[in-house]
Amino acid sequence: ELESVLNFTYITDKSNNFIKDAKTKDYIKDILNRGTTESGFKDLLKDHLIDEYGYECLKKEDFDNFIISRAKIVKQKLEALGITVKDSDNDEFLYDE
C-alpha cells in the first residue's frame, strides 16, 4: 500500500468501496469495462491532478513514478497560487512560510 499524501484524493464512499481491495490496474479495467471511455476517465483523472503519464503509471502499478508525476502537477498548482515549493533531497516537499 502506498503511504503518501500524493496518493490521496477525494472520492465518494461508493467509489471507495468499488476500488478498496482491488489492484489499481484491475479497477481501472473494471471502470473501463463498465462503459466509461478511456478518454472520459482520463478527463476525470485530470480533475484529481493526474496527467497522462500518471495514468500510464497507474495502469502499470508503477507507484514511484506516479508519485513523482503527481508531485510535479501539485507543485505547479501550488506555485500558480503563489505558494513557493522547494524540492528537498529526499523527494519531500518543503513549503516556505
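Mentor: Before we start: buried means under 20% relative accessible area, exposed means over 50%, and partly exposed is in between. Also, keep in mind that this is a predicted model.

Trainee: Got it. So is Phe8 buried, exposed or partly exposed?

Mentor: Phe8 comes out at a relative accessible area of 48%, so it counts as partly exposed. Tyr10 is exposed, at 70%.

Trainee: How many aromatic pairs does the structure hold?

Mentor: Two. In one of them, Phe8 and Tyr10 sit edge-to-face, with 5.1 Å centre to centre and 80 degrees between the planes.

Trainee: And what about Phe41 and Tyr55?

Mentor: They form an edge-to-face pair as well, at 5.9 Å centre to centre with 70 degrees between the planes. This pair links distant parts of the chain: Phe41 is in helix H3 (residues 38–47) and Tyr55 is in helix H4 (residues 52–60), 14 residues apart.

Trainee: Are Phe41 and Tyr55 buried or exposed?

Mentor: Phe41 is buried, with 7% relative accessibility. Tyr55 is buried too, at 1%.

Trainee: Switching topic: what span does helix H5 reach?

Mentor: H5 covers residues 63–80, which is 18 residues. From first C-alpha to last, H5 reaches 25 Å, close to the expected 26 Å.

Trainee: Which residues of H5 are buried?

Mentor: Phe66, Ile67, Ser69, Arg70, Ala71, Ile73, Val74, Lys75 and Leu78. As a general point, an α-helix has 3.6 residues a turn, so residues three or four places apart point the same way.

Trainee: What follows H5?

Mentor: Gly82 does, and its phi is positive, near 90 degrees.

Notes. Residues numbered from 1 in each chain as written. Predicted model: local features only at pLDDT ≥ 70, side-chain atom pairs only at ≥ 80, totals over all residues. Heavy atoms only, no water. Phe/Tyr/Trp six-rings, centres within 6.5 Å; stacked < 30°, edge-to-face > 60°. Buried < 20%, exposed > 50% of the residue type's maximum accessible area, 1.4 Å probe, protein only. Helix = DSSP H or I, 4+ residues; strand = E, 2+ residues; numbered from the N terminus. Expected span 1.5 Å × (residues − 1).
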